[in-house]
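Here are my notes on the model, point by point. Please read them with the viewer open.

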Amino acid sequence: ARALGQEQVRLSRFREAAEVARAVCARAEAGGAVDGEWFNNLGFLLREYGSQVEGGTVVEPGADAAARAAEIFRESWRAYERAVALAPDDARIVNDAALMQIYHVRDNLERAEALEQAAIRAGLVKLELLGPDADDADRFPVAQAIGDAYENLAYLWDHLHGDHERA
């Protein structure tokens, strides 16, 4: 399934890749082998698919593009929330969930802000555990997630709350 999903992503066929990821997540849930990374991937694939629908590069006959994109974005948000429940200490996963709210769904911005704060805390704890001598390949993704969370908070405060001073 993973290879099929990767091929669909390579071809920018996010709807098809999301179908594969949905099936994997359902099988994992049924078998008790649930993984936050898979739900995070599902959230990403749905986000990209929703963006394609919203932008008109994927057309679904008979569907209002804006309404359909919003529906897909809400499904993406649910997948990201499941990922956070499974991996609350993964700064990247927590940040990914928050950005879905900030940039697409926007119906629970308080939750988005709390998630970004949690992503920063989780990332700082992880960096501390890694220590200053850890390999850059281990440190960089964590530091990047922290930076992304700060950037998303600034966007939230500035563009959505109009709090320019806080941003």
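1. Start with N152. Its place is in helix α7, residues 136-160. Helices here are DSSP runs (H or I, at least four residues), numbered from the N terminus. This is a predicted model: local features need pLDDT of at least 70, side-chain atom pairs count only at pLDDT 80 or more, and totals for chains, interfaces and linings use all residues. Residues are numbered from 1 along each chain as its sequence is written, and side-chain values use heavy atoms, with hydrogens and water left out.

2. Is N152 buried or exposed? N152 is buried, at a relative accessible area of 7%. The cut-offs are under 20% relative accessible area for buried, over 50% for exposed, and partly exposed in between (1.4 Å probe, protein chains only). The side chain of N152 makes a polar contact with the side chain of E116, at 3.2 Å. A polar contact is a pair of N or O atoms within 3.5 Å; within protein, one must be able to donate a hydrogen and the other to accept it, and residues adjacent in sequence count only if both atoms are side-chain atoms. Neighbours within four places in sequence aside, N152 is in contact with N95, L99, I102, Y103 and E116. Contact means heavy atoms within 4.5 Å.

3. Y103 also pairs with Y155. The aromatic pair is tilted, 4.6 Å centre to centre with 35 degrees between the planes. Rings of Phe, Tyr and Trp (its six-membered ring) pair if their centres lie within 6.5 Å; planes under 30 degrees apart count as stacked, over 60 as edge-to-face and the rest as tilted. Y103 lies in helix α5 and Y155 in helix α7, so the pair ties together parts 52 residues apart in sequence. Y103 is partly exposed at 29% relative accessibility. Y155 is partly exposed too, at 23%.

4. The structure holds two aromatic pairs. F14 and F44 have ring centres 6.2 Å apart and planes at 90 degrees, so this pair is edge-to-face. F14 sits in helix α2 and F44 in helix α3, 30 residues apart. F14 is buried, with a relative accessible area of 9%. F44 is partly exposed, at 31%.

5. Now A21, in helix α2 (residues 14-31). A21 counts as buried at 1% relative accessibility. Leaving out residues up to four places away in sequence, A21 touches W38, L42 and L45.

6. The largest nonpolar core has 43 residues, and L42, Y49 and L115 touch the most other members. Such a core is a set of buried Ala, Val, Leu, Ile, Met, Phe, Trp, Tyr and Cys residues joined through side-chain atoms within 4.5 Å. Helices α2, α3, α4, α5, α6 and α7 each supply at least two residues. The largest share, eight residues, comes from α4.

7. Helix α4 covers residues 65-86. Its 22 residues reach 32 Å from first C-alpha to last, close to the 32 Å expected at 1.5 Å a residue. The expected span is 1.5 Å times one less than the number of residues. Its buried residues include F73, W77 and Y80. The buried residues of α4 pack against α3 (36-55), α5 (91-105) and α6 (109-130).
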